[in-house]
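User: I am new to reading protein structures and would like a close look at one part of this one. Could you walk me through it slowly?

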Amino acid sequence: MNSGDTAWVLVCAALVMLMTPGLALFYGGMVRSRGVLNMLMMSLGSLGVVGVLWVIYGYSGAFGADLGGLGLLGSPSEFFGMSRLVGQEGLSDTIPTFAFAAFQAMFAILTVALISGAIADRARFGPWLLFAGLWASLVYFPVAHWVFAFDETNAAGEVTAVGGWIANRIAAIDFAGGTAVHINAGAAALALVLVLGPRSGWPKETGKPHNLPLVVLGAGLLWFGWFGFNAGSALTAGTTAAIVFVNTLVGASAAMLAWMLVERLRHGRPTTLGAVSGIIAGLVAITPACSAVTPLGAIAVGAVSGAVCALAVELKYRLRYDDSLDVVGVHLVGGLVGTLLVGLFASASAPAGVAGLFYGGGLDQLWRQAVGALAVFAYSLVLSLGIAWVVRATIGFRLSTADEDAGIDETEHAETGYHFGETRNTLRGSRTSEHGSVEALEGSVR
Amino acid sequence: MKLVTAVVQQTRVDEVRQSLTALGVRGMTIADVQGYGRQQGHTEIYRGAEYKVDVVDKTRVEVLVNDVDADEVLRAIVSAARSGRVGDGKVWVTPVESVVRVRTGETGEQAI
């Protein structure tokens, strides 16, 4: 057991946890003011549902003993409720398994929350929670097994426990989740948009972002947490984590510049929303690649992703689908870019030790990356379509048009986000229910 | 009694207030408003989607005055609010039937 590594992974788990409230603010600022709370609540909902499911059977499904040696799913019952982990020794004898389980829990929570940006202002909250739970169970936990569960080997190099098929049989490089997190969430977002349809009045009357400073705050929290996400994935406080840290910085920096450049050329002005979108696009793309490229390679990966995503977010208007906050354009596209570019920019001198096409490695790694990316995309898209369709067919998924026009915060949560001005606050603030009435309050004080 | 209503550029409102105070005007109501006249709106861009914003942010100033002061107040506002560019706003005067000061119950010109 290594106390430095353990401290690092636990701190990184907390950093990644902060990404989900950060994402909530990032998304919340981008919708109309009358939908800001629902946007926050969809992310918070993931912290609730997925946090509980992870402990009950999610960790076990992702990292339990492989069922049948196929690399498709861990045993959901092996660590059911995590009870059998209590008192167990550590993962590879460097950190406690619980530290790893805590760290990976945050990934599952964030991935589900990422999807919600595609369906702003139109999904009922209960069905969203049901979707979140089903999707985590049927899509995320298995895919995390494919990508993040590595074979265990003995001193002689023989495999003693089989891990996921993408990580071990295909040997695609996905250091922190370009496939398992971003392509996965992006494909699910596309599926949800196709099942739910566009917002009422889209694209003309769905409004502009209501609070860009909130979006910038959220992006800042995401970037901060992302250092935990990527550098923490080293699972040890050492050289790999440090290189990954620098790559995570510079990939996002380059992507921000690239996005702003595309905007300047196409629309005349670099925008605040474009700058923070570029940051996220860069972070998404460097996530799978951060252990496989040099810092110069990270600049290339970030710059390509920033430029490609800046163009991709405009496609939805031509293709006529309302991916409200561009989960497809940033996470699916950025995830594909980053995962595939590993095959081009990977350098044998980086911690992953694999050379891509531009570094003398030929096409070998590129096809491995493509197989991993396409497998996760196809699986997530098909399963997500099925789950969304089932939710819609059973309990219904969409808000009624009347409720949508009234504002989802009022109709789904009985709240409004902003009460600026004493007049407005007073006019809307008379208590009406027995339970919360002033008389009842006075009675209880006596 | 008259009500002088002015819709002016946001950046000129303090000059309007100061020039009215110099005339002895002791109160006014000020509000943020949106609207449009001959001034063009502007275009905003969010992730490549362009939004034409037709309304412009302005400030509305309302002053109750006695009949004899109305003309002087009107001219003071116009001179303080003018930059010479499109979008300087408008000022208009309307007759007022009755005014009551809430605290004392004074009415008419006593209440102004």
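Predicted model: local features only at pLDDT ≥ 70, side-chain atom pairs only at ≥ 80, totals over all residues.

User: Which residues in H1(A) meet which residues in H3(A)?

Analyst: Let us begin with how the two helices lie. Helix H1 covers residues 3-28 of chain A, and helix H3 covers residues 97-115 of chain A. Their axes come within 9 Å and cross at roughly 15°. Angles under 35 degrees count as roughly parallel, so H1(A) is roughly parallel to H3(A). The crossing of this pair is left-handed.

Now to the residues you asked about. On the H1(A) side they are Thr6(A), Val9(A), Leu10(A), Cys12(A), Ala13(A), Val16(A), Met17(A), Met19(A), Thr20(A) and Leu23(A). They meet Ala99(A), Phe100(A), Ala102(A), Phe103(A), Met106(A), Phe107(A), Ile109(A), Leu110(A), Ala113(A) and Leu114(A) in H3(A). Sorted by class, the contact of H1(A) with H3(A) has 18 nonpolar residues, 2 polar residues and no charged ones.

Helix H7 (residues 212-231) of chain A packs with helix H9 (residues 272-289) of chain A at an angle of about 15°, and their axes are 10 Å apart. That angle makes H7(A) roughly parallel to H9(A). Here the crossing is left-handed. From H7(A), the residues in the contact include Leu212(A), Trp223(A), Trp226(A) and Asn230(A). Their partners in H9(A) include Thr272(A), Ile279(A), Ile280(A) and Thr287(A). The contact of H7(A) with H9(A) divides into 12 nonpolar and 3 polar residues, with no charged ones.

Finally, let us see what chain A touches. Its contact with chain B takes 12 residues from chain A and 6 residues from chain B. On the chain B side, the largest share is 3 residues from strand E3 (residues 42-46) of chain B. The residues of that side divide into 3 nonpolar, 1 polar and 2 charged.

Chain B itself has 2 helices and 6 strands, which run β-α-β-β-β-β-α-β from the N terminus on. Its C-alpha trace spans about 60 × 30 × 20 Å along the principal axes. The radius of gyration of chain B is 17 Å, while a compact globule of 112 residues would have one near 13 Å. Buried residues make up 21% of the 112 residues in chain B.

Conventions: Residues numbered from 1 in each chain as written. Chains lettered and ligands numbered in written order. Contact = placed C-beta atoms within 7 Å. Helix = DSSP H or I, 4+ residues; strand = E, 2+ residues; numbered from the N terminus. Nonpolar A, V, L, I, M, F, W, Y, C, P; charged D, E, K, R; others polar. Axes fitted to C-alpha atoms, helices over the stretch in contact; angles between N-to-C directions. Parallel < 35°, antiparallel > 145°, perpendicular 65-115°, else oblique. Left-handed = near helix turned anticlockwise from the far one by under 90°. Rg over C-alpha atoms; globule rule 2.2 N^0.38 Å. Buried ≥ 20, exposed ≤ 12 C-beta atoms within 10 Å, placed from the backbone.
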